[in-house]
Amino acid sequence: MTGTTGRVALVTGASSGIGAATARLLAARGMRVVVNYLSSAKAAGEVVADIETAGGQAMAVQADVREVAAVESLVERVGAAWGGIDVLVHNALIPYAVKSFQDMTWDELGGKIDAEMHAAFAVTKAVLPAMTEQGWGRIVYLGTGLSRRPRKGMIALGTSKAALEQFARYLAQELAPQGITVNVVAPGPVETRTADDVLDDATRRQQVAATPLGRLAHPADVAQAVAFYAGEDNAFMTGTTAAVNGGLAMY
Ligand SMILES: NC(=O)c1ccc[n+]([C@@H]2O[C@H](COP(=O)([O-])OP(=O)(O)OC[C@H]3O[C@@H](n4cnc5c(N)ncnc54)[C@H](OP(=O)(O)O)[C@@H]3O)[C@@H](O)[C@H]2O)c1
């Protein structure tokens, strides 16, 4: 197989925001895309319809990525229709509390870390057999700049995504001999429904003012970095993190 044409990509949480933009871009590059969602069947159907109208192939599949059985049944369903998954983009947003450490309970912090890692563990375990069998795979996780650079109220998100980033590095080391690359895309604030929930007006203005490129990211900006990591062109980058933040933080 050459290029990305025909590769099967699973994008978790693809009914909205970054996941939807990524699904559209991967499909435009010739991949067959699984548009996973939790409850927004209509929005997921619209992403699929847009892809098909543009000449691509996609299917919407409901599954809660925190549930092992649901993830396994998603992978079986895709396998029956299209064969094994070649590309995993794990993007689904696990909810979290926005508050200070002083006000936070262990259930809130520990619950987010557990759900974040349990979902990443479940989806990765489910896609690996087909990738290892064929000796090729691409895995991309959505991180956040907040795992390196704290922002008020974001301790639960930043801490859980920091764990996810290190998990990705360990997988990158272990899976490289099987032809599988593992990378992280870490956006700054992105114009999505999440940003509407977690950024008040003053924080939004402060974030834009601190960003050399002068705006928040659009989902499509993030999708471009994901698509690079997901494609054949990325033959030699693994265990890395791409910051998509307009220069807000430079590492
Ligand atoms: N937005 C930002 O500023 C920002 C910044 C840095 C990193 N990120 C990261 O980027 C990723 C996407 O964020 P976003 O802002 O694009 O989110 P979003 O627009 O709120 O979309 C979240 C997606 O995740 C799905 N989802 C939620 N829980 C799920 C579950 N248990 N199982 C399967 N799907 C589930 C949702 O499906 P339904 O619609 O069906 O609920 C939806 O498709 C997240 O990992 C987030 O942490 C976002």
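In this predicted model, Gly-239 sits in a loop that links helix H8 (219–230) to strand E7 (241–244). The relative accessible area of Gly-239 is 27%. Because buried means under 20% and exposed over 50%, Gly-239 counts as partly exposed. Leaving aside residues up to four places away in sequence, Gly-239 touches Arg-169, Ala-172, Val-182 and Asn-183. Phe-167 is 72 residues from Gly-239 in sequence. In space, the C-alpha atoms of Gly-239 and Phe-167 are 9.6 Å apart.

Helix H3 was examined next. H3 covers residues 68–82, 15 residues in total.

The burial pattern of H3 was then considered. Val-71, Leu-74, Val-75, Val-78 and Trp-82 are buried in H3. Viewed down the helix axis, the buried residues of H3 fall within an arc of 95°, so they line one face of the helix. Ala-69, Glu-76 and Ala-80 lie on the other side of H3 and are exposed.

The cover over the buried residues of H3 comes from several elements. Strands E1 (8–11), E2 (32–37) and E3 (57–62) are among them. Helix H4 (106–134) is also included in this cover. Just after H3 comes Gly-83, with a positive phi of about 90°.

Definitions and conventions. Residues are numbered from 1 along each chain as its sequence is written. This is a predicted model: local features need pLDDT of at least 70, side-chain atom pairs count only at pLDDT 80 or more; totals for chains, interfaces and linings use all residues. Side-chain values use heavy atoms; hydrogens and water are left out. Helices (H or I, at least four residues) and strands (E, at least two) are DSSP runs, numbered from the N terminus. The expected span of a helix is 1.5 Å times one less than its number of residues. Buried means under 20% relative accessible area, exposed over 50%, partly exposed in between (1.4 Å probe, protein chains only). The arc is that of the directions from the helix axis to the C-beta atoms. Contact means heavy atoms within 4.5 Å.
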